[in-house]
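Hi there,

Here is the structure I promised to pass on to you. Please open it alongside this email, and have a look before reading on.

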Amino acid sequence: MTVTFGVLLFLNIYCSQTSQQIFYQSKEASMIEKCQLAASELSSLEVINRENVSETISGMESLRVTRLIVTDQAGQAIYDSWAPNTAGKYVLFPEVVEALGCNDVFTWRYHDGVMHSQAAVPMMYYGTLTGCVYMMEYDAQQGSLIRSLQANILTITVVLELVVILFSLFFARAFSTRMRRIMASMRIIQEGDYTHKVNLGGHDELSILGSEINDLTDRLQTSEAKRRQFVSDASHELKTPLASIKLLTDSILQNEMDQPTVMEFVEDIGKEADRLNRMSQKLLSLSKAESQEENESEIIRMAPTAERVVRMLTGIAEKSQIRIETDLSGDCPVLIQEDDLYQIIFNLVENGIKYNTPGGTLTLTLQRDEDNAMLKVTDTGVGIPTESIGHIFERFYRVDKARSRKSGGSGLGLSIVRGIVERNNGTILVESALGQGTTFTVYFPAFDTEETEESAT
Ligand code: ADP
């Protein structure tokens, strides 16, 4: 608002100066012209004296001014229309002095509604200075014109300033009301009500801020719902083995059992404890996989990690009569943390064994597909029903709960895999046919550098 006032004040001053300037220019031209006319008429006189000058001037209608003085080259008055007796006296007006220096002069002053203008020009006779003509004029009419113009400009400025004040007050009020509404909404959201919406309407920056807050609360609401779901699923999953342990210990304590049965029960307790252990480890991996923390990725080839996983799981595969085949010839470098890559391959190969059928095969292939490095895990197992395919990456989802539990599954493996793959800019796809087998394919951007090319050769 202060800036607007400043601008209006500046405009006011500028307009009144400009109006005076316009009058100044027109006045200067006319006064100099009059002086030059008189000077040229007087230059043609044989003798320049008071009578001759008076006669010449009175014969020229256009030379009617408030005061007219004619001096000789020394500045002594020859004729003064105001004071007939000043002949012979020196006229020391600055304009006269300037004109006797052979310059045309015009000065101007606006005071008390009157325009006071003065002009003087040298009088020459065949290139020799013979004197000067000085004219002075009071112009009350032009003065009042300037005054009324300035009054108009002032009125316009005041009206504009009032309008600016009114608008500023209106907008400031509207702004603070809307701002207060946003702050009230923020307080409600802060207290945990993520269903609250900021309703402002309009299309200004505050409405945009309001809709950004609404988007944020939507996201908070979703993540809060996911968090609740996760906590309830996790407690449910942890509750089952804990309940089994409690049941088994109660049975041992309450019933008189023979030694072999007690041993069997204790073995079962151990298995449940193992399950709890695996579950808590998977939960830790899951939170690591989903955290946005920057990991220190490196450019590595996938084959060594794949071989490590295969070595690790061969024993289990053999126990389940599953043959593991590998084709790692299409290996290429990718940007990833080795631990992450291990987790992905381990979980997929472990599932391929777990959900396979005795005598089945698991094939692990590494391929290069244009700009992508491709990791493929194919099994000849039970397959996944079409309606379940969309859910297998969800936490705690299991197609066949009994089978998964029996094989030590937690329903977390694939959600961990997907979390890690996405964090490393990859994608994971699944194809499956019930009773025939399943293929998981993971794509990562291939990361060829000169260094890795050289080490490959
Ligand atoms: P789990 O620990 O139960 O194996 P996952 O998240 O690894 O959990 O897998 C989720 C579900 O997807 C499994 O319970 C299983 O039903 C199904 N699944 C995963 N991999 C395979 C596969 N290779 N063949 C058939 N079903 C699979």
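Below is what I found in it, taken topic by topic.

First, a word on confidence. This is a predicted model, and the protein chain has an average pLDDT of 86, with 93% of the residues scoring at least 70. Among the elements of the chain, strand β7 (residues 323-327) has the highest mean pLDDT, at 97, while helix α12 (residues 450-456) has the lowest, at 51. Where pLDDT is low, the predicted coordinates should not be read in detail. Please keep that in mind when you come to helix α12, given its mean of 51.

Now to the sheet. Five strands make up an open sheet: there are 5 strands in the order β2-β1-β5-β4-β3, and their pairing is antiparallel. Which strands stand at the edges? They are β2 (77-80) and β3 (105-111); each has a single partner strand, so one side of each has no neighbour in the sheet. From one strand to the next, the twist averages 15 degrees.

One place to look is His 111, whose bridge partner in β4 is Val 114. Over at β2, helix α2 (residues 50-58) lies across β1 (67-72) and β2, and runs at about 35 degrees to β2.

Next, the aromatic residues. A search of the whole structure turned up 7 aromatic pairs. One that I would show you is Phe 393 with Phe 440: the ring centres are 6.4 Å apart and the planes stand at 85 degrees, so this pair is edge-to-face, the cut-off being over 60 degrees. Elsewhere, Phe 167, Phe 170 and Phe 171 form one aromatic cluster.

Tyr 194 also deserves a visit. You will find Tyr 194 in the loop between α4 (140-190) and α5 (205-254), and it counts as partly exposed, with 23% relative accessibility. What does Tyr 194 contact, leaving aside its neighbours within four places in sequence? The residues are Ile 189, Thr 217, Leu 220, Gln 221 and Glu 224. Gln 221 is 27 residues away from Tyr 194 along the chain, yet their C-alpha atoms are separated by 5.5 Å.

Finally, two backbone angles. Most residues other than glycine have a negative phi. Cys 102 is not a glycine, but has a positive phi of about 70 degrees. Cys 102 lies in the loop between α3 (94-100) and β3, and counts as partly exposed at 42% relative accessibility. Glu 370, again not a glycine, has a positive phi of about 50 degrees. The loop that holds Glu 370 runs between β9 (361-369) and β10 (372-379), and Glu 370 is exposed, with a relative accessible area of 69%.

Best wishes

Technical notes:
Residues numbered from 1 in each chain as written. Predicted model: local features only at pLDDT ≥ 70, side-chain atom pairs only at ≥ 80, totals over all residues. Heavy atoms only, no water. Pairing = 2+ DSSP bridges. Helix = DSSP H or I, 4+ residues; strand = E, 2+ residues; numbered from the N terminus. Axes fitted to C-alpha atoms, helices over the stretch in contact; angles between N-to-C directions. Contact = heavy atoms within 4.5 Å. Phe/Tyr/Trp six-rings, centres within 6.5 Å; stacked < 30°, edge-to-face > 60°. pLDDT = per-residue confidence, 0-100. Buried < 20%, exposed > 50% of the residue type's maximum accessible area, 1.4 Å probe, protein only.
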